[in-house]
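This briefing goes through a protein structure topic by topic. Please keep the structure in view while reading.

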Amino acid sequence: TALWADLGINFSAQLQVAAGGVPSGTLDLQARNWKRMLDLASTGGTLPPQMRQQVESILNVLSGLSGGSETLDVTIAVENGQMRMGFIPLGSMPNILLR
């Protein structure tokens, strides 16, 4: 859990790590006041201006599916090191090496 002013993020994971550190399982993310986070990413230069509307549209749909417009609840599936949110591929998750 991370809180800062009116922003909040909760994160939890249930992962299994195979030989070589390849993860599989789920990541659960809840973001409170995600639109403000998007504003900060835009003004801070982390989110390119040409991607702002597309990202916001996708997150609006996802927040509507999770029951509220200000809170975003998503589950990210990880299978053989590859992440996806529903049918949207997100790329590779780093291997987890336990020492």
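A residue is called buried when its relative accessible area is under 20%, exposed when it is over 50%, and partly exposed in between, using a 1.4 Å probe and protein chains only. The model is predicted, so local features need pLDDT of at least 70 and side-chain atom pairs count only at pLDDT 80 or more, while totals for chains, interfaces and linings use all residues. Residues are numbered from 1 along each chain as its sequence is written, and side-chain values use heavy atoms, with hydrogens and water left out. Helices (H or I, at least four residues) and strands (E, at least two) are DSSP runs, numbered from the N terminus.

**Residue S63**

- S63 belongs to helix α2, and its relative accessibility of 1% makes it count as buried.
- Contact means heavy atoms within 4.5 Å; not counting residues up to four places away in sequence, S63 touches W34, G68, S69, T71 and L72.

**Helix α1**

- Helix α1 spans residues 34-43, and its residues W34, L38 and A41 are buried.
- These three lie on the same side of α1 because they cover an arc of only 60 degrees around the axis, the arc being that of the directions from the helix axis to the C-beta atoms.
- The cover over the buried residues of α1 includes β3 (23-32), α2 (49-65) and β4 (71-79).
- G45 follows α1 and has a positive phi, near 85 degrees.

**Two asparagines with positive phi**

- N33 is a residue other than glycine with a positive phi, near 65 degrees, and N33 sits in the loop between β3 and α1.
- Is N33 buried or exposed? N33 is buried, with a relative accessible area of 16%.
- Leaving aside neighbours within four places in sequence, N33 is in contact with D6, L7 and E70.
- N80, also a residue other than glycine, has a positive phi near 55 degrees; N80 is in the loop between β4 and β5 (82-85).
- N80 is exposed, with a relative accessible area of 58%.

**Nonpolar cores**

- A nonpolar core is a set of buried Ala, Val, Leu, Ile, Met, Phe, Trp, Tyr and Cys residues joined through side-chain atoms within 4.5 Å.
- The largest nonpolar core has 10 residues, among them A31, W34, L38, A41 and L47.
- Two or more residues of this core come from each of α1, α2 and β4, and α1 gives the most, with 3 residues.
- A second, separate core has 5 residues, including L27, I76, M83 and M93.
- L62, a member of the largest core, touches L72, V74 and M85, not counting residues up to four places away in sequence.

**Largest pocket**

- On a 1 Å grid over the protein atoms alone, a pocket is an open set of points where a 1.4 Å probe fits, with protein on both sides within 12 Å along at least five of seven lines; lining residues have an atom within 4 Å of a point.
- The largest pocket holds about 410 Å³ of space, a volume being the space filled by probe spheres set on the points, which are joined across faces, edges and corners.
- Its lining has 21 residues, and the closest to its centre are L29, L38, V55, L59 and L72.
- At least two lining residues come from each of β3, α1, α2, β4 and β6 (88-92), and α2 gives the most, with 6 residues.
- By class, the lining has 19 nonpolar, 2 polar and no charged residues; Ala, Val, Leu, Ile, Met, Phe, Trp, Tyr, Cys and Pro count as nonpolar, Asp, Glu, Lys and Arg as charged, and the others, Gly among them, as polar.
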